[in-house]
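Trainee: I would like to learn how to read features in a model. Can we go through some, one by one?

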Amino acid sequence: MPAKLQTLRTIDETGAVLIVRLPDADTAERVAHAAIEGGFRALEITLSIPGAVDLIRRLARQYDSEKIAVGAGTVLDGHAAYECIQAGARFLVSPQLNREMIRVANRYQVPTVSGAFTPTELLESAEAGADILKLFPTEGAGIPYTKAVLAPFAHLPIMPAGGVTAENVKEWFAAGVACVGVGTAVTKAWQPDDDYGRVTRAARDFLSAVGDARQ
């Protein structure tokens, strides 16, 4: 199966992308390992992390045989897109419509997740060739806004990013989203006592909730 289709299948089968946005690469790497142990198969490593490209390269090499999709987030231009693809990123994510990122990714057949918020932005992202539309930010707008947007756009593969938890993920899927992005609820679970086993447990709990929500 072509790599692009395999990555999209991985995201579709698990229904979730872990957004790893942390202050340093060492913490991000430990969180990534713990989350993968907990069942995550698609991880977005944001370029806001110092040394993010090297981290993507290490994780991509380590987990390639296990069909773990390690992606790059906060991709803001074509140069960054190409650099991340060369490092082994299996998908690219932008916080906004970035036509240059989508063009480079399509050239090399790498899936894209394009950030958008308004109906106009969502439709323009789809027209630009994005594979998944990242509804961002959703902490404030929440599920009611997502449901309203999906009423005319039920055919669009929308992934909310922000405010998704194990407790409310069933409501998100009921609203019609294709998959969900989750960050802090899993990636910062270690903070009370530096126990990264908490991340693994939080990952399992979240993915279990996703599985239940999609039944």
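Trainee: At the start of α4, which backbone nitrogen does a side-chain oxygen of D77 reach?

Mentor: Keep in mind that this is a predicted model. Now the helix start. The backbone nitrogen belongs to H79, and the D77 oxygen comes to within 3.2 Å of it.

Trainee: Which residues of helix α4 are buried?

Mentor: First the general idea. An α-helix has 3.6 residues a turn, so residues three or four places apart point the same way. Now the case. Helix α4 covers residues 78-87, and its buried residues are G78, A80, A81, C84, I85 and A87.

Trainee: Which residue follows α4, and what is its phi?

Mentor: G88 follows α4. Its phi is positive, near 110 degrees.

Trainee: Where is phi positive in a residue other than glycine?

Mentor: Take Q109, with phi near 55 degrees. Q109 sits in the loop between α5 and β5. With a relative accessible area of 47%, Q109 is partly exposed. Then take D194, with phi near 60 degrees. D194 belongs to the loop between α9 (184-187) and α10 (197-213). D194 is exposed, at 52% relative accessible area.

Trainee: On to aromatic rings. How many aromatic pairs does the structure hold?

Mentor: Four. A pair of aromatic rings is described by the distance of the centres and the angle of the planes. Apply that to Y82 and Y108. Their ring centres are 5.6 Å apart and their planes stand at 50 degrees, so the pair is tilted.

Trainee: Which parts of the chain does the pair of Y82 and Y108 link?

Mentor: Distant ones. Y82 is in helix α4, while Y108 is in the loop between α5 and β5 (112-116). The two are 26 residues apart. Y82 is partly exposed at 38% relative accessible area. Y108 is partly exposed too, at 41%.

Trainee: And F117 with Y145: is that pair stacked or tilted?

Mentor: Look at the angle. Planes under 30 degrees apart count as stacked. The planes of F117 and Y145 are at 15 degrees and the ring centres 4.7 Å apart, so the pair is stacked. F117 lies in the loop between β5 and α6 (119-128), Y145 in helix α7 (residues 142-150). The pair therefore ties together parts that are 28 residues apart in sequence. F117 is partly exposed, at 26% relative accessibility. Y145 is partly exposed, at 23%.

Trainee: What lies over the face of F136?

Mentor: K134 does, at 4.9 Å from the ring centre. Check the backbone there as well. The peptide bond between F136 and P137 is cis, with omega about -5 degrees. P137 is in the loop between β6 (132-135) and α7.

Trainee: Which strands does β1 pair with?

Mentor: One is β8 (residues 180-182), parallel to β1 over three bridges. There, A16 has V180 as its bridge partner. Another is β2 (residues 42-46), also parallel and joined to β1 by three bridges. In β2, E44 stands opposite I19.

Trainee: What unit do β1, helix α2 and β2 make?

Mentor: A right-handed β-α-β unit, with α2 spanning residues 25-37. R30 is in α2. R30 is partly exposed, with a relative accessible area of 42%.

Conventions: Residues are numbered from 1 along each chain as its sequence is written. This is a predicted model: local features need pLDDT of at least 70, side-chain atom pairs count only at pLDDT 80 or more; totals for chains, interfaces and linings use all residues. Side-chain values use heavy atoms; hydrogens and water are left out. Buried means under 20% relative accessible area, exposed over 50%, partly exposed in between (1.4 Å probe, protein chains only). Helices (H or I, at least four residues) and strands (E, at least two) are DSSP runs, numbered from the N terminus. A polar contact is a pair of N or O atoms within 3.5 Å; within protein, one must be able to donate a hydrogen and the other to accept it, and residues adjacent in sequence count only if both atoms are side-chain atoms. Rings of Phe, Tyr and Trp (its six-membered ring) pair if their centres lie within 6.5 Å; planes under 30 degrees apart count as stacked, over 60 as edge-to-face and the rest as tilted. A charge sits over a ring if NZ of Lys or CZ of Arg is within 6 Å of the ring centre and within 35 degrees of the ring normal. Two strands pair if DSSP finds at least two bridges between them. A crossover is right-handed if, with the strands pointing away from the viewer, the path from the first strand over the helix to the second runs clockwise.
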